[in-house]
Amino acid sequence: MEHFTIATVAEKSPDFRRVLWTGKHTQLVIMTIPPDGEIGEEIHEVDQILTFVSGTGKAVVGGQTRNVAQGDLVVVPAGKKHNFLNTGPNPLVLYTVYGPPEHADGAVHKTKEEADRLEEEGKDEPPQS
């Protein structure tokens, strides 16, 4: 059994992205977006559910924009353009579930720049089922 006190685990992670668990159909990832930072506009071929643990930000999904804060949950259906931006003075901390997995099992990306580089180099591919 995998067990996480998810808000505590997410709050303690300084990394931009850290894959906590990867299954056959889903993947659990925690993220920390620094002040004035963002995930970056992207489109996935998988569904994504994001839950915000702390901080304040802006969610942009399919052309719609909403403010987000602790306790909010945002669903990003596969194929929708999206971005999440930190609009506050503190890190924007969240956990997200991808279905199916989107990143390499066990991946840890210290910064957005590292995450982008590894994706471009093909070194952040999800496991093949």
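Biologist: Over how many bridges do strand β5 and β8 pair?

Modeller: This is a predicted model, where local features need pLDDT of at least 70 and side-chain atom pairs count only at pLDDT 80 or more, while totals for chains, interfaces and linings use all residues. Residues are numbered from 1 along each chain as its sequence is written, and side-chain values use heavy atoms, leaving out hydrogens and water. Strands are DSSP runs of E, at least two residues, and helices are runs of H or I, at least four, numbered from the N terminus; two strands pair if DSSP finds at least two bridges between them. Strand β5 (residues 56-61) runs antiparallel to β8, and the count of bridges is five.

Biologist: Which residue in β8 is the bridge partner of valine 60, and which one stands opposite isoleucine 43?

Modeller: Strand β8 (residues 81-86) also pairs with strand β3 (residues 42-43), antiparallel and over two bridges. Valine 60 has asparagine 83 as its partner in β8. Opposite isoleucine 43 you'll find lysine 81.

Biologist: Which are the edge strands of the open sheet of six strands?

Modeller: Read the order as β7-β4-β9-β2-β1-β10, with antiparallel pairing. An edge strand here pairs on one side only. That gives you β7 (73-76) and β10 (108-109).

Biologist: And what is the bridge partner of arginine 18 in β10?

Modeller: Strand β1 (residues 17-22) is joined to β10 by two bridges, and the two run antiparallel. For arginine 18, the partner is valine 108.

Biologist: How far apart in sequence are the parts that aspartate 15 and lysine 110 tie together?

Modeller: Their side chains meet in a salt bridge at 3.4 Å, N to O (a side-chain nitrogen of Lys or Arg within 4 Å of a carboxyl oxygen of Asp or Glu). Aspartate 15 sits in the loop between α1 (6-12) and β1, and lysine 110 in the loop between β10 and α2 (112-120), so the parts they tie together are apart in sequence by 95 residues.

Biologist: Is aspartate 15 buried or exposed, and what about lysine 110?

Modeller: Buried means under 20% relative accessible area, exposed over 50%, and partly exposed in between, using a 1.4 Å probe and protein chains only. At 2%, aspartate 15 is buried. Lysine 110, at 51%, is exposed.

Biologist: Which residue forms a salt bridge with aspartate 124?

Modeller: Aspartate 124 lies in the segment after α2 and its partner in strand β1, so the pair links parts 107 residues apart in sequence. Both residues are buried. The closest N and O atoms are 3.8 Å apart, and the partner is arginine 17.
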